[in-house]
Amino acid sequence: MIPVTTLKDRKVALFGLGGSGFATARALILGGVRVTAWDDNPDSVAKAAAEGIHTEDLHTIDWSQQSLFVLSPGVPLTHPKPHWTVDLARAAGVDIVGDVELFVRERRAHAPDCPFIAITGTNGKSTTTALIAHILRSAGYDTQLGGNIGTAVLTLDPPKAERYYVVECSSYQIDLAPTLNPSAGILLNLTPDHLDRHGTMQHYADVKERLVAGSDVAVVGIDDSHSALIADRVQRAGVKMVRISRRNVVADGIYAEGTKLVQAAGGAMLPFADLDGIQTLRGSHNAQNAAAAVAACLAVGVSADDIRAGLASFPGLKHRMQPVGRRGRVVFVNDSKATNADAAAPALSSYDRIYWIAGGLPKSGGITTLAPYFPRIAKAYLIGEAAAEFAATLGEAVPYEISGTLERAVAHAAADADRDEAAASAVMLSPACASFDQYKNFEVRGDAFVSHVAALDGMTMLIGPVAGEK
């Protein structure tokens with residue numbers, strides 16, 4: 001854990017006692033800070049109090065005595081309206097920050113030169129973050145991975161020289177990190193998202209821009225208009241800019257030509273790596289992720305050979321287009337994190353012949369937007385509450401069966417794929433649905449898929465056993 005020593009002996013108010021909120025409270029207390037914590041959920045308050053965290057309704061505290069207000073990123077700062085604690089802090093002139101800001105202050109105080117890569121974007125953040133951390137670890141670097149990817153940043157080991165940090169940042173975290181200053185900052189892309197919390201697309205883009213604007217080296221994907229404009233502005237402001245693209249040639253940066261990554265510098269175009277055959281980096285979206293990872297790793301001093309080796313050995317992000325097993329010509333792919341149609345599209349675009357397992361708790365819009373990928377689907381196996389709705393959408397365009405359960409779908413899809421004479425095919429769980437009708441979350445659903453695949457005869461598993469299994 002990272003003790004927040006920069007606020008030692010000061011009073012700090014904290015709101016939000018979820019996972020990252022608890023971690024932040026502990027890090028503050030460990031650093032000698034006098035914390036007063038609260039949450040709108042009485043159970044969370046009771047849990048914090050039981051663990052020795054001082055709790056008090058923030059309506060009743062003396063805000064003039066607070067040196068800082070720490071807000072959990074899940075709590076509204078601006079839209080649809082500021083949380084009541086935000087109004088109280090602002091009225092008292094108390095600065096509002098989040099856990100990422102506390103991390104960057106500790107880094108600046110104790111190891112300002114330790115490499116720090118921060119990643120944001122609407123899509124691809126987690127894969128890019130995991131890929132960068134894998135490259136660094138494979139090259140032998142002391143690597144800390146955290147942030148929005150699921151590990152609270154203040155639970156990482158404390159900053160020190162030669163320790164590398166790879167931190168995924170949501171727009172909410174950036175909004176609460178006014179002095180964010182990574183060694184290399186990545187903005188992958190921007191499409192409308194979280195507008196309920198940002199009000200407008202422009203405000204959302206402005207927040208994302210802050211991450212690269214404060215970077216020593218900015219890595220920006222320029223395949224959408226918002227990001228392209230951000231790259232121009234940030235470069236004009238004097239930040240070293242590396243542009244990346246999965247569609248177009250760039251003059252200085254990294255771009256993709258099919259599966260090949262090309263490094264452009266000073267007018268020279270040099271082949272850097274070929275992603276062909278790397279199952280975990282299939283598809284043009286992963287070419288962009290890989291280009292960003294290459295650019296960021298080069299920026300913090302990783303050798304080209306170490307980067308290529310890390311790309312080739314990347315095991316993939318769990319539950320996201322993750323090849324988990326193989327039997328003959330058939331690969332089995334866990335894409336359980338695809339909880340809506342847009343999220344399922346990258347996986348469906350990355351394989352030519354698919355035995356598709358889909359369904360669960362349906363979301364608005366169903367799978368109508370996936371129609372362009374229907375010709376790739378040899379057969380669909382529909383599960384959960386969405387089965388009838390998805391069957392109606394598929395109609396006569398795609399052969400399907402209503403399997404009902406994931407176990408039955410895996411067994412039937414595997415048997416059908418075995419009989420397929422195609423050179424290669426994929427049995428893919430990419431549900432385009434939430435999991436809550438049958439599973440606690442998408443992780444549990446993905447683990448169940450892996451377990452069912454592992455139970456098939458003749459399987460060669462490409463990953464280790466699911467936790468709890470032997």
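Let us start with helix α3, residues 84-91, which lies across β1, β2, β3 and β4. Relative to β3, residues 68-71, helix α3 runs at about 160°. Please keep in mind throughout that this is a predicted model.

How many strands form the open sheet, and in what order? There are 4, arranged as β2-β1-β3-β4, and their pairing is parallel. The edges are taken by β2, residues 34-38, and β4, residues 96-97; each has a single partner strand, so one side of each is left without a neighbour in the sheet.

I shall now go through the pairings one at a time. Strand β1, residues 11-15, is joined to β2 by 5 bridges. Within this pairing, A13 has T36 of β2 as its bridge partner. Between β1 and β3 there are 4 bridges, again in the parallel sense, and here V12 stands opposite L68 of β3. Finally, β3 and β4 run parallel and are joined by 2 bridges; F69 has I96 in β4 as its bridge partner.

Are its residues L68, F69, V70 and L71 buried or exposed? They are all buried, with L68 and V70 on one side and F69 and L71 on the other, so that both faces of β3 are covered.

Let me turn to the second largest pocket. It holds about 240 Å³ of space. Which helix gives the largest share of its lining? That is helix α5, residues 125-138, with 4 residues. Among the lining residues are A130, A133, H134 and R137, together with L145, F314, K318 and I463.

D9 has a phi near 70°, a positive value in a residue other than glycine. D9 lies in the segment before β1 and has a relative accessibility of 51%, so it counts as exposed. E162 also has a positive phi, of about 70°, although it is not a glycine. Where is E162 found? E162 is in the loop between β6, residues 142-147, and β7, residues 163-168. With a relative accessible area of 58%, E162 is exposed, because the cut-off for that term is over 50%.

Terms used. Residues numbered from 1 in each chain as written. Predicted model: local features only at pLDDT ≥ 70, side-chain atom pairs only at ≥ 80, totals over all residues. Heavy atoms only, no water. Pairing = 2+ DSSP bridges. Contact = heavy atoms within 4.5 Å. Axes fitted to C-alpha atoms, helices over the stretch in contact; angles between N-to-C directions. 1 Å grid on protein atoms, 1.4 Å probe; cavity = no way out; pocket = protein on both sides within 12 Å on 5 of 7 lines; lining within 4 Å. Points joined across faces, edges and corners; volume = space filled by probe spheres on them. Buried < 20%, exposed > 50% of the residue type's maximum accessible area, 1.4 Å probe, protein only.
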